[in-house]
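Happy to walk through this one with you.

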Amino acid sequence: MADETKPAATDTAPPGERTERPERTERSERPRFPRSGGPSGPGGPRGEGGPGGRKYFRRKKVCKFCVEKIEAINYKDTRLLAQFVAESGKIVPRRLTGVCTPHQRRLSTAIKQARNIALLPFAGRAM
């Protein structure tokens, strides 16, 4: 009967000692999501939703300069360069425009040259 009043040795650990943690679940049991930020919306990554869901197809972006066979990107051609500058004044990245790497390098150089001689603005409109 004296044993009933004392707590068992396994119930509490003395200070400084570690207690056992609950077992972790295996990796295969966890839900797997893409790295880009969790589960996709109701339609899934390709729009393969349930009934009435719209099919979504993203067209592969192609380089405008390769398609139109533009060899030289001239800093004086402000109409062309302005297409690749956002309203805020930033150079639009490749993943949004679809321009290939070598042309993106030449494009950014041309935009910077045009900015330096005041053909293009460094920043967008001030608020």
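A search of the whole structure finds 0 disulfides, a disulfide being a pair of cysteine sulfur atoms within 2.5 Å. This is a predicted model, in which local features need pLDDT of at least 70 and side-chain atom pairs count only at pLDDT 80 or more, while totals for chains, interfaces and linings use all residues. Residues are numbered from 1 along each chain as its sequence is written, and side-chain values use heavy atoms, with hydrogens and water left out.

Q: What makes Cys 63 buried?
A: Its relative accessible area is 8%. Buried means under 20%, exposed over 50% and partly exposed in between (1.4 Å probe, protein chains only), so Cys 63 qualifies as buried.

Q: Why is Cys 100 called partly exposed?
A: Cys 100 has a relative accessible area of 21%, so it falls in the in-between class.

Q: Why does Leu 119 count as partly exposed?
A: Leu 119 has 38% relative accessibility, so it also belongs to the in-between class.

Q: Which residues is Leu 119 in contact with, leaving aside its neighbours within four places in sequence?
A: They are Tyr 75, Lys 76, Thr 78 and Ala 114, where contact means heavy atoms within 4.5 Å. Leu 119 and Tyr 75 are 44 residues apart in sequence, with 8.5 Å from C-alpha to C-alpha.
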